[in-house]
Structure formats: structure tokens, C-alpha cells
Amino acid sequence: TLSSALMLFSFVGSMFLVLAQNGWVAMIRPARRILGRWLAAQVILACLFVPWFARAYHLDLNPLESHETDRFSLGDLKAGYARPADPLHLGYVGFVFGVGYSWGPSNRQLHEDLSLGSVLGKAHQVIPAVILLGWCGVAGLRHLWTRSRRAALLVVLGLLCPVAGAYAVALASGIAYNARYTLSAFPAFVLLLAAGLWSLLQRRLGWIPACGVFSVL
């Protein structure tokens, strides 16, 4: 509860990681004793975070009062360059997580040009990185799934929920979608790559693609 509260107060976008964790608990259906402790922790977390969030974003939670002029609206949120969210940015998140901004098209280039031209212009850098990181990610997911489906599910939810949640907010508001808003998904991305590298290194000649991944990273 304490670590989750610190995470939320440090970066509000991490609420999507908390959502992923709760979704995971709902899917695995733990024992009633464990579920009770989990729900108690979430209630405490909500009591700590929701009042701050409501005050920071002018969210009216009092059903007995109506302040239409001060009501929270996603459409009022604006940040970054004025541009619509594009599905291309979803893939760019994984690319940035893997190689940063020093490889392939820069963040500014994607801000100014949403077409595939900005990506294909750096195809000699993008394609090898995507193939190697994708190979490693698939190997990691397979490795986790064969050993613990619960662990694999937690990693997948921890990766997808923050990315999709930030994208949904960008679609519903004036906030420009940016990879930094998905930062809470980065630990799951690292775990997936680590599992993939471990899986590759256990195979004959697996050190070859593993070295390729290390060179890209």
C-alpha cells in the first residue's frame, strides 16, 4: 500500500498500473483471506489518493452539490504539441523502451510527421531493432507462460494497461500522446526482455540473437 501510494503521488499515470494489478487479482481469484487483505489495501490506497486527485483536477465527488463551471473534464486537459493520437505511437513506446531516443526516428520527428515516412526513413535502424526486440519479447512471454501463467499474465497486464490507458486519455483529451506517460509499464517491459534473454541463452546458438539484443540495447 505504501509503495503504491508513493508511486501514484510520484506519477499520476501509474494509476493504470494499479488497474492492471487489480485486474490480475480478479483474474487469478486468490484465496478469500488473501483477497480480503488485498481489498483492504486498495481501500486504504483509494482513501489516500482519490482526495488528492479530486482536488488537483477539480473533480466534484459530492453528489449533493453541483458546480458545472468547476467540473472535471478530460477534454480540458492539454499538454504537449497539438496533434491527434496515432496508433503508430503505441509501437513507438516499445521501441523507445528498448533503444531510447538515440536510435531510429526522434520523438520530435514523430511529433511533426505522423506518417510511416518518418519511420521508413530510418528503416535500417528500426527494422533490426524491432526484429530483435520482438524476438526477445516473444521468447520471454513463452518462457514465462510455460513456467507460470499467473506471472505471464501479470507482466502482460503491467505492460499493456499503462500504454493503452495513456493512449485512451490522449484520445479523449488535448494531451499529446508521449512515451513518457507510459513510464509505469517499463518494469514489465524489462522483466519480459530479461525472461527472453534468459530463454535464448538456454538454447543452442541462442547466444547469437542474445548478442544482437544486447547490441541494440
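Buried means under 20% relative accessible area, exposed over 50% and partly exposed in between, using a 1.4 Å probe and protein chains only. This is a predicted model, in which local features need pLDDT of at least 70 and side-chain atom pairs count only at pLDDT 80 or more, while totals for chains, interfaces and linings use all residues. Residues are numbered from 1 along each chain as its sequence is written, and side-chain values use heavy atoms, with hydrogens and water left out.

**View 1. The whole chain, for orientation.** Let's start with the overall layout: the chain holds ten helices and two strands. Here helices (H or I, at least four residues) and strands (E, at least two) are DSSP runs, numbered from the N terminus. Along the sequence they follow the pattern α-α-α-β-α-α-α-α-α-β-α-α. Of the 217 residues in the chain, 38% are buried.

View 2. H4 covers residues 88–99. Its twelve residues reach 17 Å from first C-alpha to last, close to the 16 Å expected at 1.5 Å a residue (the expected span is 1.5 Å times one less than the number of residues). Which residues of H4 are buried? They are His89, Tyr92, Val93, Phe95, Val96, Phe97, Gly98 and Val99. Just after H4, Gly100 takes a positive phi of about 80°.

**View 3. Helix H2 against helix H8.** H2 (residues 15–28) and H8 (residues 149–172) pack at about 140°, with axes 8 Å apart. Axes are lines fitted to C-alpha atoms, for helices over the stretch in contact, and angles run from 0 to 180 degrees between N-to-C directions. H2 and H8 are therefore oblique to each other (under 35 degrees counts as roughly parallel, over 145 as roughly antiparallel, 65 to 115 as roughly perpendicular and the rest as oblique). Among the residues that meet are Phe16, Trp24 and Met27 in H2 and Leu153, Cys161 and Val169 in H8; contact means heavy atoms within 4.5 Å.

**View 4. Helix H1, helix H2 and the loop between them.** H1 (residues 2–10) packs with H2 at about 145°, with axes 9 Å apart. Ser4, Met7 and Leu8 of H1 make the contact with Met15, Leu17, Val18 and Gln21 of H2. Now look at the loop between H1 and H2, where Ser14 sits. Is Ser14 buried or exposed? Ser14 counts as buried because its relative accessibility is 1%. Leaving aside neighbours within four places in sequence, Ser14 is in contact with Met7, Leu8 and Ser184.
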